[in-house]
Amino acid sequence: MRIAIAGLGTVAGGLLALLRESAQNLAVRADCRLELIAVASRTRRDVDLGGAEFTHDVLSLAGRDDVDVIVELMGGEGLALELVERALTAGKSVVTANKAILATHGDRLFALAERHNVALGIEASVAGGIPIIAALTRSLVANSIDRVTGIINGTCNYILSAMSDQGAKFEDALARAQSLGYAEADPRFDVGGVDAAHKLAILTALAFGVPFNKAAVYAEGITAVTPDDITYARELGYCIKQLGISRRTAKGIEMRVHPALIPLDSMLASVSGVMNAVQINDQATGALLFYGPGAGGRATASSVLSDLVSFARGDSVIRRRQSGSAVPLLPIEAVESAAYLRIPVIDQPGVFARIATILSEHGISIEGAIQRERAIADHKVPIVVVTQPVPETAMNKAVAALQALPAVVGTVRRIRVEHAGG
Ligand SMILES: NC(=O)c1ccc[n+]([C@@H]2O[C@H](COP(=O)([O-])OP(=O)(O)OC[C@H]3O[C@@H](n4cnc5c(N)ncnc54)[C@H](OP(=O)(O)O)[C@@H]3O)[C@@H](O)[C@H]2O)c1
């Protein structure tokens, strides 16, 4: 099988190393030799290409008659998308790790692959080395999935773990993540929830047979989570994780990325640092947890290679799950979830009762609460409550009513509470 790689960065470097190290094993498993013909990228780095040709002309790869499979490892949307489209149209199979193009153009790209009778491999696009795409499209193909809950952004998980384990402030944890190479110089894509939204759009399409639709994912970042929130959450029996959640309800499919309180004894609570994990809840197995490195050159290249070997063996084509009938993707307003509320108030008698009344007026029951006894110097105390599940719209109205109380002297902070059942 003759391969060309576009991009010569972290993942391509891992792939080149694995191709070199395991050439013989791969030939046995794939039942053919994987031959690297060409590599294209902007910069010619000092990497051993093992005799493959190097070119700066990325798009030329799609027109080569001596290449069967294009591996797109550039990232970005413009040129990468054009290369993948041209390659598929030219009758070449494609492996890509590019979640950004899949989350938006996945339907079109899979249709293009089908039309030209070639394969599109996307194992590396979500959760790095974790084989979650194969799990959803093959191993669990017979199961009816209720819910996908993922820790799918290592940067966010590293920051929240550092805040939780070492009491670090958000800014300090982010700076440490950047110095260790876990976070980009511009971290907004990660901490703002965009990266996880891309991955969730892909997982949701495969788990529920709905379109790839990044635009329909509700995304909220972790920048407003404070060390106090983490402390109060722990007192109430929870930790805070940045989750990507897609869930089937009677009304349709929810898709949302946001920080959430999860029970300390849940499977996902034990996933810390840069590690990733995806929990699948389905009607046959109950709950499964897929855990491992969500990034890194070699780990991600493992997923790329699995697609390449699958292509060579002819068991490669991803067959999308059909949902049967059209299932709507739900807006965040249609979500029902419990909430943690941190309400900064003036320390005076009757405030807690007033808050409880407002929540009750909006049909919201309190499950747990923390009320600090003594005010700090400025007479402000936080009242913290965890509620029962309630429709998003009721919670929005209740938070607005709480915010309008004269005794409330700062922004009411709200974080959703999730019980993923595992
Ligand atoms: N890194 C991970 O752990 C990881 C995990 C899962 C998925 N992914 C995905 O894998 C893909 C590659 O990620 P990466 O971390 O390997 O990226 P990277 O280290 O930034 O490497 C990207 C490579 O593509 C080249 N490139 C980018 N834009 C180009 C253009 N317009 N024309 C020509 N060459 C171009 C870059 O050239 P220059 O060196 O000149 O910039 C570089 O060689 C992305 O889609 C990413 O989301 C990465």
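In this predicted model, the ligand is surrounded by 21 residues, of which Leu8, Arg42, Thr43, Arg45 and Gly296 are the closest. The ligand sits in the largest pocket, and that pocket holds about 1500 Å³ of space.

**Shell and contacts of the ligand**

- By class, the shell around the ligand is made up of nine nonpolar, nine polar and three charged residues.
- Leu8, which is among the closest residues, places a backbone N or O atom 2.8 Å from an oxygen atom of the ligand.
- A polar backbone atom of Gly9 lies 3.3 Å from an oxygen atom of the ligand, while for Lys99 it is a polar side-chain atom that lies 3.1 Å from a ligand oxygen atom.
- Taken alone, the ligand exposes 890 Å², and the protein buries 75% of that area.

**The largest pocket**

- The volume of the largest pocket is about 1500 Å³, and 50 residues line this pocket, with Thr10, Val11, Met74, Lys99 and Glu184 closest to its centre.
- The lining of the largest pocket comprises 21 nonpolar, 21 polar and eight charged residues.

Notes:
Residues are numbered from 1 along each chain as its sequence is written. This is a predicted model: local features need pLDDT of at least 70, side-chain atom pairs count only at pLDDT 80 or more; totals for chains, interfaces and linings use all residues. Side-chain values use heavy atoms; hydrogens and water are left out. A residue is near a molecule or strand if one of its heavy atoms lies within 4 Å of it. A polar contact is a pair of N or O atoms within 3.5 Å; within protein, one must be able to donate a hydrogen and the other to accept it, and residues adjacent in sequence count only if both atoms are side-chain atoms. Accessible areas come from the Shrake-Rupley method with a 1.4 Å probe; for residues, only the protein chains shown count as cover. On a 1 Å grid over the protein atoms alone, a cavity is a set of points where a 1.4 Å probe fits but cannot get out, and a pocket is an open set with protein on both sides within 12 Å along at least five of seven lines; lining residues have an atom within 4 Å of a point. A molecule sits in a cavity or pocket if more than half of its atoms lie within 2 Å of its grid points. Ala, Val, Leu, Ile, Met, Phe, Trp, Tyr, Cys and Pro count as nonpolar, Asp, Glu, Lys and Arg as charged, and the others, Gly among them, as polar. Grid points are joined across faces, edges and corners, and a volume is the space filled by probe spheres set on the points.
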